[in-house]
Amino acid sequence: MEEISQASIMVLLSGLLVGVLFGFVLQRGRYCMNSAFRDIIFVNDFTLFRSYLLALLIAIIGANFLEDLGFMGELGLRRQSFNIVANIVGGYIFGIGIVMAGGCGSGIVYRTGEGYVSAFVATLGFASSLVASIHGPLKPFIQFLKSFKVSIGSGEDAVSNAALWDLFGGQSMKWIAIVVIAAIIIPIVLKGKPFAKGPKKGYSWSLTGLLLGLILILALWASNYWGGQTRGLSAAGPTAEAFLALTMGSSMSKFDPMFDFWGIFRGTWSGLYIFGIPLGAYISAKGLGEFKLQSPPASEIMRVFGGSLVMGFGAATAGGCTVGHALTGVSSLALSSIVATIFMILGNWTMVYFMFVKPMKD
């Protein structure tokens, strides 16, 4: 009994610690993937996108290196099956939703720690929509979309959870593919002058990217070591698990071990790290003197809530959010995550055009 209790406490502490670190860096870097993608076409600014690319490069190298050394368990990086229709449809819908909601999954969660009432409303809408989509009345439709799976290869060599290198010859091409990707990303990152002096308050885009990449590697290892399976960072499934643990007493998840508080509260490692994100953001915001309760007009609240519902459905369909796919998933070079990310960006750009660009032209 004592060993189980100690294991349960470590699930709690490690999950919360990773969440606090993640939330702290997100707030210090003013980082949100909605902004990273949006700013490219809205204000022709690649700053946050370069931060994302730097984090991704560090994560790709670190995660795959640790996987090859056996630190990610028997299942490795747990690349998702290539559910092509769900990845495309869900990714595109999610990209639309994050513009309406004013932030991606991790963006709205960390901004609750800054005092934004709109972010709190968006988080509730996101969680509710996720639960309805994963466990509720929308589940059969999403399962139908996910039934369209693509395998790479043929016969016994067919791979359903294919990685990018499976398109070019299999496992032997893994590090060649990573070197090519690094050769593409590094010049883009260097063009943004990553070693230049940062802002007076908060972190520079390059420091933010560096820390996010390192935190993701930590999360991949910690989620495997203490959480049962390698999950890394995400804001979709974990938000649903956190919401269910609060409202129903259990995360209703297959992932064990969990933090079990006398059977009243059973939360997964990833669900617990979600609670740490706003706490870390709050600590950072208070330290910078930026915490302030802010409530927008009712019309904005309604738009944000509607966008969060769209986000939840899109994330559940795609199998993840921007952090779950565009950072964690793409760090494993899973084809499912690469395709989902591409369509998240396209959905984001579509909604940015109709919400911001077109009204300015008119």
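Is Arg78 buried, exposed or partly exposed? The legends below take up that residue along with a few other spots in this predicted model.

**View 1. Arg78 sits in the loop between H3 and H4.** To settle the opening question, Arg78 is partly exposed, with a relative accessible area of 28%. Take a look at its backbone too: phi of Arg78 is near 50°, a positive value in a residue other than glycine. As background, most residues other than glycine have a negative phi.

**View 2. Asn44 is another non-glycine residue with a positive phi.** Here phi is about 55°. You'll find Asn44 in the loop that joins helix H2 (33–42) to helix H3 (47–68). With a relative accessibility of 58%, Asn44 counts as exposed.

**View 3. Helix H4 packs against helix H12.** A bit of background first: two packed helices are described by the angle between their axes and the distance between the axes. For H4 (residues 84–101) and H12 (residues 298–318), the angle is about 160° and the axes lie 7 Å apart. That angle makes H4 roughly antiparallel to H12. Their crossing is left-handed.

**View 4. Here are the residues where H4 and H12 touch.** On the H4 side, the contact includes Ala86, Asn87, Gly90, Gly91, Ile93, Phe94 and Gly97. On the H12 side, look for Arg303, Val304, Gly306, Gly307, Ser308, Val310 and Phe313, among others. Sort the residues of this contact by type and you get 13 nonpolar, nine polar and one charged.

View 5. A disulfide is a covalent bond between the sulfur atoms of two cysteines. The structure holds zero of them.

**View 6. Cys321 is in no disulfide either.** For Cys321, the nearest cysteine sulfur belongs to Cys104, and it is 7.1 Å away. Cys321 is buried, and its relative accessible area is 0%.

How values were computed:
Residues numbered from 1 in each chain as written. Predicted model: local features only at pLDDT ≥ 70, side-chain atom pairs only at ≥ 80, totals over all residues. Heavy atoms only, no water. Axes fitted to C-alpha atoms, helices over the stretch in contact; angles between N-to-C directions. Helix = DSSP H or I, 4+ residues; strand = E, 2+ residues; numbered from the N terminus. Parallel < 35°, antiparallel > 145°, perpendicular 65-115°, else oblique. Left-handed = near helix turned anticlockwise from the far one by under 90°. Contact = heavy atoms within 4.5 Å. Nonpolar A, V, L, I, M, F, W, Y, C, P; charged D, E, K, R; others polar. Disulfide = S-S within 2.5 Å. Buried < 20%, exposed > 50% of the residue type's maximum accessible area, 1.4 Å probe, protein only.
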